[in-house]
Amino acid sequence: MILIRKGWAPLVGAMMVCAASATAHAQVVGTQMGPEVRGEYRGKLDVVKFDVSPALKDMELVPPPVGPLRPHEGGAMVDPPSGLESIFGPGPQDTDLIVQWRTEGAGSIPAPTRVFDMVTGTASPPDPVGDVGPNHYVVMSNVSFAVYNKTGGAPVFGPAANNQLWAGFGGACQSENAGDPIVLHDQFADRWLLTQFTAAGPTYFICVALSTSPDPTGTYYRWAFSTGSNFPDYPKFGVWRDAYYFQTREFAGNTFAGIGAYAFNRQQAIAGNPNPTVISFVVSPAAAGGAFNIGDGLLPADVDGPDLPPVGAPSYWVGSMDNGASYGAPQDALTFWKFVADFNTPANSTFTLTHTIPIAAYDTIFPCSGRSCIPQPNTTRQLDILSYRQRPLHRLAYRNFGSHESLVTNQSVEAVTGMAGIRWWELRNPSTTPTVFQEGTYAPGATDGIHRWMGSIAQDGAGNMAMGYSVSNASVAPGIRYTGRLVSDTPGMMPRGEGTFVTGVGSKTNSERWGDYTSMNVDPADDCTFWYVNQYFPTAGSNTWTLTAGAFRFNECGTPTFTVGAGPSQATICTPQSAEFSVNVGSIAGFNSPVTLSASGVPASATSGFGTNPVIPGNSSLFTVSNTGAVAAGTYPITITGTQGATTRTSDVFLTVETAPPGTPSPSTTANGATGLSTSPTLTWAAVAGASGYTVEVATDAGFANIVRTANVTGTSYTVAPGLDPQTTYHWRVRSNNSCGAGSNSTVRSFSTANIVCYAGAPVPIPDNNPAGANATINVSSGGNVSALRVSVGVTHTFVGDLIITLTKGATSAEIINRPTSCSGDNIAATFFDASANAPNTCVAGPPAIGGDKRPLQAFTAFDGQPLAGTWTLNVADRAGVDVGTIDSVCFELPAGNPDGLFANGFE
């Protein structure tokens, strides 16, 4: 490899053009690692919460937040440095010898078939991401998401705040709108996967929502996976045969802990398992043999096209390294990892760096000042290139072509001195010895002066490629363009010219942040149409961005072929019942030859057959598994294969067989005979093997003659809703069920609700920087005397450290909080009482900044012995500027059964 110091001239440019073709033809084989580098197995990731959402289309829309945003609301995102960026100092700044320094084939790129604006916002950066399904395009940003009709671009749902996906879920997934989102369409199950992380801490979560059906506006399975005290920055997901794989950049406080690698059992996810297996690894810089081996992130492969990876194929992951960067890399190369997930025995799983693949010399260190890199018109503010982060950009797009497996990805680079471009790669032979089949650096800016960066790349069903990206310079406002190549084009080149999705108008002036990623995807309906999402500014002088989706396709795509899809992807029966799956055989480019269907994996003692076989593409067949009486309980993966000539297509379904009703649940909480509970207590029980759901009943009598609440849930907890009556004794029980019927009821437990009276008015606005504050008033007409008072307070307000909250009755008052020090978090959802073990006037990052149980700043014993009857006032005063909010709820509570309680003398 010849190394030439930086410095570009026309002669060097000519060398680049020649080298582009030669280097691309010379395939570069990955070298086996010396001492094996393996991730540290961390066991299974904790599932903190699971439920099934209401249908999005039935929810009242929660609009995205507006105005100045904090990080956990999608504001200036955290993106912490790893701390490794300057340990070694920049190495040799190589000259890139495979630069494509001009657009080729001007006018030969097809024009867009669709372009439509979608969500808008001010989050910095927006993190544009989306995916396309048979009928919809779903987009997410750091603050919002929406569902669009892909034909006309009309909104079907949204834009809505991202955390509306977790409305009613509780915890940080619901209360935060932190972002770093991912959208993926699992085309094999026709499901939608939408995710975000939480950022406020001190406990962090990956929040995952998976549609229960092909309808992205329907119901969603929802999980909160806890990464504990490790902040899971920059999560990236990929659909694979056995799992949804995802990576994180993890931080323990301010210390970079390494790259997290996770495998989320896909079969269990599609089935809505409340406690799915999520296998966890971490690779620290030291464990990797040096920071360069993990860089600043890895990408898991994400499947495109109608064919799954071969059975048993590990998940492929790719990272990048630059010997001129500051991570200590000894060469310019790609790192190749394999994740083998064993969901039967998770401890047998492995995450291994298997190969280091040399690449043509490149330079990722752009001449930036901090993040100030790419110029734009009418401002000195420059935009972030992110090339210096040693990681490829979303996605690592995988295809199984039958004859070979292929992966493509890209990274922003300094292509020639002071000019941004995009290095892209195609890898082949991933299952054996991964090879750089071709690579190139797309940088027409070497001649036209326009920077191209923040790209994403994918292949269609014919092997043609498309790459979308941002463009800008001092006279060209940031816009969105695309290029591509046909499978027959010269390797290493994007010679199809350049198309434009959006011509930029405005420049960004409020920060340098850009991206941090975009997404190029392929339409599963034809396996030819590319869809790309990125950001631009439609108005000069405004810092409100718009995300735009653009689509196009090559006429050279559409080689006649067929697809096979089976559903439902998960079916559950009780022996000796039969199971039925619809097998749809699709046609691409008019393919109409009959396809012969077969199935493997059917339980040995069962029989199976297809209603129609063979099937003319465009039609379907009913696949039935019957005679299941002797089948053992368990889940059986079944692969349905369609064959026509030398072409095969497969689709996986899962058959769960149950042979008897499940066992009896054992209640966990509440304790039998518990008193003083909320009117909406949470009832929990231990999971029962073989249970697909649970029925919970609450009654006023131990014989359950008067049942007042009944709920069917899939998890192992139920928060009673609507709320129960105060100062009342209740009884509850739970039973498990599955397709064979219901099990026995659990033992019965009783509990008593507390004496509670609440403010019933509308939320009260809290005036900004006003010592008078706002009042929520409760008038109590009768009752006994006060003792052991508990006060629950709900306040929505940014920067809780601005607030003073005081409870008053007559001449007696007690401060609950008084501008707690260093309390920059948001919202209060707490119960205050004198016996709490938690210190007064303190907070966490939140939200809520003040939550759970707390002692009031001044003791409530000041009210003891006074008559309850009279006027009680909760005053909330904001004593600083900028932040505002409302008093939402106030409740008084005394121990149940206390003769001096709130409901003495018949008060209700």
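In what order do the four strands of the open sheet stand, and is the pairing parallel or antiparallel?

Author: This is a predicted model, in which local features need pLDDT of at least 70 and side-chain atom pairs count only at pLDDT 80 or more, while totals for chains, interfaces and linings use all residues. Residues are numbered from 1 along each chain as its sequence is written, and side-chain values use heavy atoms, with hydrogens and water left out.

The open sheet runs in the order E7-E8-E9-E10 with antiparallel pairing; strands here are DSSP runs of E with at least two residues, numbered from the N terminus, and two of them pair if DSSP finds at least two bridges between them. Strand E7 (129-132) and strand E10 (155-161) each have a single partner strand, so one side of each is left without a neighbour in the sheet. From one strand to the next the twist averages 10°, an angle that can run from 0 to 180 degrees between the N-to-C directions of axes fitted to C-alpha atoms. Strand E9 (residues 144-149) pairs with E10 over four bridges in the antiparallel sense, and Val147 has Phe157 in E10 as its bridge partner.

Around this sheet, the protein chain has four helices and 60 strands, the helices being DSSP runs of H or I with at least four residues. Of its 908 residues, 59% are buried, meaning under 20% relative accessible area with a 1.4 Å probe, protein chains only. The C-alpha atoms of the protein chain fill a box of roughly 95 × 70 × 55 Å along the principal axes.

Definitions and conventions:
Buried means under 20% relative accessible area, exposed over 50%, partly exposed in between (1.4 Å probe, protein chains only).
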